[in-house]
Amino acid sequence: MGLQTHWMGAVGMTLYLAQMPSSKKNPPDDQDLPDDRVFTFAFVPPNLIDALWADVAPLLGLVIGRLSDVFTMESEKKRLMDGTRDLLVVMENNKIIAVLTFNVATFDSGLTVLEVPIIAGKNMARWGDDAVQLLFGVARSAQCSELRGYGIKTAWKRIFKHYNVERVCTIFKMPVPGGD
């Protein structure tokens, strides 16, 4: 079941869409669901953030509410609208079930990473691998050597253990296959 995608360019340019069957077979939390379900992933351009805000804000709030000393809803919306951070939405049956925010960061050492500060939504075990594969593509396009996720839970390490995830305090990183 290969990824079918329309890849439009690099981070922050326009809407990217990918639809794919779930890569998970009979995950423990949803064994009653059919294996042929399809998730739609959309990279949302800055000019559509306002239009989708009512749908994505409650999901973003799941993380922002726990990290209010780091993020605010207003500051995150501003970053998404000005293009300094990008938004990936995960949809099932035309309903947004999860959101991921990301941006390219280059550290003083010269290390370039794709930061993923917010992942929020339902059943990450069902769609997470597919989302990571899309983010790996973005990271390779931006010449990033790894993804860095900032977690309030240890789900990254548990769900993505097959990507050689390393926990660094609450920063999770995984190498980008084929990256620098």
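Buried means under 20% relative accessible area. Phe102 counts as buried because its relative accessibility is 1%. The model is a predicted one. This briefing covers an aromatic pair and the cavities.

**Aromatic pair**

- The structure holds one aromatic pair.
- Its partners are Phe43 and Phe102, and their arrangement is edge-to-face.
- The ring centres of Phe43 and Phe102 are 5.7 Å apart, with 85° between the planes.
- Phe43 belongs to strand S3 (residues 38-44) and Phe102 to strand S5 (residues 95-106), so the pair ties together parts that are 59 residues apart in sequence.
- Phe43 has a relative accessible area of 3%, so this residue is buried.
- Phe102 is buried too, at 1% relative accessibility.

**Cavities**

- Rolling a probe the size of a water molecule over the atoms shows where empty space is left.
- There are two cavities of 30 Å³ or more.
- The second largest cavity holds about 40 Å³ of space.
- Ten residues line the second largest cavity.
- Of these, Leu100, Ile119, Val132, Leu135 and Phe160 are the closest to its centre.

**Lining of the second largest cavity**

- Strand S6 (112-121) and helix H3 (124-141) are the elements that give two or more residues to this lining.
- H3 provides the largest share, five residues.
- By type, the lining has nine nonpolar residues and one polar residue.
- No charged residue takes part in the lining.

How values were computed:
Residues are numbered from 1 along each chain as its sequence is written. This is a predicted model: local features need pLDDT of at least 70, side-chain atom pairs count only at pLDDT 80 or more; totals for chains, interfaces and linings use all residues. Side-chain values use heavy atoms; hydrogens and water are left out. On a 1 Å grid over the protein atoms alone, a cavity is a set of points where a 1.4 Å probe fits but cannot get out, and a pocket is an open set with protein on both sides within 12 Å along at least five of seven lines; lining residues have an atom within 4 Å of a point. Grid points are joined across faces, edges and corners, and a volume is the space filled by probe spheres set on the points. Helices (H or I, at least four residues) and strands (E, at least two) are DSSP runs, numbered from the N terminus. Ala, Val, Leu, Ile, Met, Phe, Trp, Tyr, Cys and Pro count as nonpolar, Asp, Glu, Lys and Arg as charged, and the others, Gly among them, as polar. Rings of Phe, Tyr and Trp (its six-membered ring) pair if their centres lie within 6.5 Å; planes under 30 degrees apart count as stacked, over 60 as edge-to-face and the rest as tilted. Buried means under 20% relative accessible area, exposed over 50%, partly exposed in between (1.4 Å probe, protein chains only).
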